[in-house]
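Please look over the model shown below before reading the briefing that follows.

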Amino acid sequence: MEFVCRRCTSLTTKPYRVTTEDGGVVLLNMLVCPSCARLAKSLGLPTVKMEPAKSAARTRARPPMTDSKQRPVQPPPSIR
Ligand SMILES: [Zn+2]
């Protein structure tokens, strides 16, 4: 998954989220590339690496269908 940095507009596959809070108010919340994240970190901004862990959770998002009676009946495509 490619992603365009919001700061330098370079393509990256490992986005970082940079957030700035002041008194509980979020002033900044943007996705940046690793080099911009490193810059933000050097400025003392909190950076969080975005983990691509969504694919593992996606398979479990569907509720288990154990009751076959409740299975939604799909109309067959008209191939006639
Ligand atoms: Zn960048």
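Which atoms coordinate the zinc ion? In this predicted model, where local features need pLDDT of at least 70, side-chain atom pairs count only at pLDDT 80 or more and totals for chains, interfaces and linings use all residues, the zinc ion is coordinated by the SG atoms of Cys5, Cys8, Cys33 and Cys36, at 2.3 Å. Residues are numbered from 1 along each chain as its sequence is written, and side-chain values use heavy atoms, with hydrogens and water left out.

**Zinc site**
- Donors are N, O and S atoms within 2.8 Å of the metal (3.2 Å for Na, K and Ca), and since water is not among the atoms, sites may look incomplete.
- The four donor atoms subtend angles of 107 to 114° around the zinc ion, so the arrangement is tetrahedral (four donors with all angles between 85 and 135 degrees).
- Along the sequence, the donor residues follow the spacing C-x2-C-x24-C-x2-C.
- Cysteine 5 counts as buried because its relative accessibility is 1%, whereas cysteine 8, at 33%, counts as partly exposed (buried is under 20% relative accessible area, exposed over 50%, partly exposed in between, with a 1.4 Å probe and protein chains only).

**Threonine 47**
- Threonine 47 counts as buried because its relative accessibility is 17%.
- Leaving aside neighbours within four places in sequence, threonine 47 is in contact (heavy atoms within 4.5 Å) with Arg17, Val18, Ala37, Ala40 and Lys41.

How values were computed: Tetrahedral: all angles 85-135°; square planar, octahedral: opposite > 155°, others 65-115°.
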